[in-house]
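Student: I would like a close look at a single part of this protein. Please set out the whole first and then go to the part in detail.

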Amino acid sequence: MALKIGCCGFPKGREEYYRHFRLVEIQQTFYKLPRLETVRGWREQAPSDFEFTLKAWQAITHAPASPTYRKAGLQIDPAAHDRYGSFCPTDEVYAAWQQTREVATALVATVVIFQCPASFSPTDEHVANLRAFFRNIERGGLILAWEPRGNWPDDLIGGLCRELDLVHCVDPFGRPPVHGDPAYFRLHGRGGYRYRYTEDDLAQLRVWCEAHARVYCLFNNVAMWDDALRFVEQIKALRPSRDACDPVTGHVRQ
């Protein structure tokens with residue numbers, strides 16, 4: 001098992017974060033894409049072996065009525081609202097992917113996560129949009145992970161992920177992944193963001209991780225910093241003789 005542990009965003013200053021982990025998932029890119037000059041600075045300031053993943057810009061996945069547009073200060077012409085989000089086969093959505101991919105390239109990122117709202121339900125239109133989008137975009141060597149919300153059945157998720165070469169991104173405390181290598185876990189907190197994972201929770205998480213050859217494990221709860229460090233230490237304590245986990249990088253190899 002190759003396990004990479006980190007946080008969704010920087011819960012501490014970047015210099016301190018770099019001393020403890022070698023993986024982060026960038027959240028800012030979901031709300032509003034940063035300038036490429038800014039992104040290149042992040043890459044240059046990080047250790048050479050540091051790994052970035054990132055969330056795709058919401059213009060691809062979320063409709064302009066989403067409160068996340070207001071949070072980001074994005075203003076879309078009301079006449080063009082139906083041309084954004086839900087993987088619509090429009091010039092605007094494809095341009096949003098092109099800009100997202102440029103940021104990923106500047107970061108030398110490995111994975112892009114498409115987090116969908118619950119309103120992106122398994123309708124015929126949404127499935128058709130999903131197929132068209134992932135069949136037509138230029139991936140640039142990136143691993144693409146899809147995090148569906150709502151009532152998507154496992155057989156449909158698995159079939160689409162196999163067909164479109166996607167990783168099924170999940171919170172494993174909510175549902176198991178049905179397809180993809182590496183596995184990509186996003187830990188949102190059991191019952192909500194304010195949840196702090198117990199030692200038993202982390203032990204269960206370890207078991208789920210060990211079912212996969214490669215795993216990205218990103219904490220996204222209020223205690224993400226402490227919980228991620230505790231998870232690293234728990235694994236290290238269980239395998240002290242096998243050099244399974246570097247407590248500084250948070251990378252685990254078995």
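Student: To begin with, how many helices and strands does the secondary structure of the protein come to? After that, which residues line the largest pocket?

Tutor: This is a predicted model, and its secondary structure comes to ten helices and nine strands. The radius of gyration is 18 Å, which agrees with the value near 18 Å that a compact globule of 254 residues would have. Along the principal axes, the C-alpha atoms fill a box of roughly 60 × 40 × 35 Å. Of the 254 residues, 53% count as buried. Taking contacts between residues at least 6 apart in sequence, 68% join residues at least 24 apart.

Now the pocket. Rolling a probe the size of a water molecule over the atoms shows where empty space is left. The largest pocket has a volume of about 160 Å³. One part of its lining is Glu147, Pro148, Arg149 and Gly150. Strand β6, residues 167-170, gives the most to the lining, with three residues.

Glu147 deserves a separate look. This residue is found in strand β5, which covers residues 143-147. By way of a distance across the model, Glu147 and Val232 are 85 residues apart in sequence and 24 Å apart in space, C-alpha to C-alpha.

At 1.5 Å a residue, the 17 residues of α6 (residues 91-107) should span 24 Å, and the end C-alpha atoms are 24 Å apart, which agrees. An α-helix has 3.6 residues a turn, so residues three or four places apart point the same way. The buried residues of α6 are Val93, Ala96, Trp97, Thr100, Arg101, Val103, Ala104, Ala106 and Leu107. Just after α6, Val108 takes a positive phi of about 55°.

Terms used:
Residues are numbered from 1 along each chain as its sequence is written. This is a predicted model: local features need pLDDT of at least 70, side-chain atom pairs count only at pLDDT 80 or more; totals for chains, interfaces and linings use all residues. Side-chain values use heavy atoms; hydrogens and water are left out. On a 1 Å grid over the protein atoms alone, a cavity is a set of points where a 1.4 Å probe fits but cannot get out, and a pocket is an open set with protein on both sides within 12 Å along at least five of seven lines; lining residues have an atom within 4 Å of a point. Grid points are joined across faces, edges and corners, and a volume is the space filled by probe spheres set on the points. Helices (H or I, at least four residues) and strands (E, at least two) are DSSP runs, numbered from the N terminus. The expected span of a helix is 1.5 Å times one less than its number of residues. Buried means under 20% relative accessible area, exposed over 50%, partly exposed in between (1.4 Å probe, protein chains only). The radius of gyration is taken over C-alpha atoms; the globule rule is 2.2 Å times the number of residues to the power 0.38. Contact means heavy atoms within 4.5 Å.
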